[in-house]
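Here are my notes on the model you sent. They are set out as numbered points, to be read with the structure open.

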Amino acid sequence: MEAFFNKEGGLLSVKVSGRLDTISSNDLMAKVRENLDDTVKEVAVDCSNLTYISSSGLRVLMTIYKKIAPKGGALTLRDLTPQVGEVLNITGMANLFNIE
């Protein structure tokens, strides 16, 4: 898994590629913590190259959501692959996030 971060104003953009599984989700969560400060109101995750997401990966998304939602922020998932979209739909988590 690779993740690239870009912070502009209150928007944190994240591009994730590869597999977001038990091992890589810990790495991603550490990087998210480094970049997700009090100035961030919105997080946009580009999932166009995300081939797999496990429950650990879903936990990372929920952690981001819980951090920014109380501030009126939003988590947007962009360009979901069919596999990732199916996991979000099956778990009911697709209803929590903005999906583009």
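Which residue forms a salt bridge with K15? The partner is D46, and the closest N and O atoms are 3.2 Å apart. Bear in mind throughout that this is a predicted model.

1. **The K15 pair.** K15 has a relative accessible area of 33%, so K15 is classed as partly exposed.

2. **Other salt bridges.** The structure has four salt bridges. One of them joins the side chains of K7 and D37, at 2.8 Å from N to O. This pair also spans distant parts of the chain: K7 is in strand β1 (residues 2-8), D37 is in the loop between α1 and β3, and 30 residues separate them. Both ends are partly exposed: K7 has a relative accessible area of 33%, and D37 has a relative accessibility of 30%.

3. **R78 and E100.** The side chains of these two residues also meet in a salt bridge, 2.9 Å from N to O. R78 belongs to strand β4, while E100 lies in the segment after β5 (98-99), 22 residues apart. Is E100 buried or exposed? E100 counts as exposed, because its relative accessibility is 55% and the cut-off is over 50%. R78, at 30%, is partly exposed.

4. **The sheet.** Five strands make an open sheet in the order β1-β2-β3-β4-β5. The pairing is mixed. Strands β1 and β5 are at the edges with a single partner strand each, so one side of each has no neighbour in the sheet. In general, strands of a sheet pair through backbone hydrogen bonds, either parallel or antiparallel.

5. **The β1-β2 hairpin.** These two strands run antiparallel and are joined by seven bridges. Two residues lie between them in the hairpin. G9, in the turn, has a positive phi of about 60°.

6. **N35 in helix α1.** This residue lies in α1, which covers residues 22-35. N35 is buried, because its relative accessibility is 19% and the cut-off is under 20%. What does N35 touch, not counting residues up to four places away in sequence? Its contacts are F5, K7, L12 and V40.

7. **The nonpolar core.** The largest nonpolar core has 27 residues. Those with the most contacts inside it are V43, V45, L61, L75, L77 and L88. The elements giving two or more residues to this core are β2, α1, β3, α2, β4 and α3. As a general rule, nonpolar side chains tend to be buried together in soluble globular proteins.

8. **Helix α3: the buried face.** Which residues of α3 (residues 82-91) are buried? They are V84, G85 and L88. Seen down the axis of α3, these fall within an arc of 100°, so they line one face of the helix. Leaving out residues up to four places away in sequence, L88 touches L58, L61, L77, L80, M93, A94 and F97.

9. **Helix α3: the other face and placement.** The face turned away from the buried side carries the exposed residues P82, N89 and I90. The helix lies across β3 and β4, running at about 110° to β3. G92 follows α3 and has a positive phi, near 80°.

10. T81 lies in the loop between β4 and α3. Its relative accessibility is 12%, so T81 counts as buried. Neighbours within four places in sequence aside, T81 is in contact with C47, S48 and L50.

Definitions and conventions. Residues numbered from 1 in each chain as written. Predicted model: local features only at pLDDT ≥ 70, side-chain atom pairs only at ≥ 80, totals over all residues. Heavy atoms only, no water. Helix = DSSP H or I, 4+ residues; strand = E, 2+ residues; numbered from the N terminus. Buried < 20%, exposed > 50% of the residue type's maximum accessible area, 1.4 Å probe, protein only. Contact = heavy atoms within 4.5 Å. Arc of directions from axis to C-beta. Core = buried A, V, L, I, M, F, W, Y, C linked by side-chain atoms within 4.5 Å. Pairing = 2+ DSSP bridges. Axes fitted to C-alpha atoms, helices over the stretch in contact; angles between N-to-C directions.
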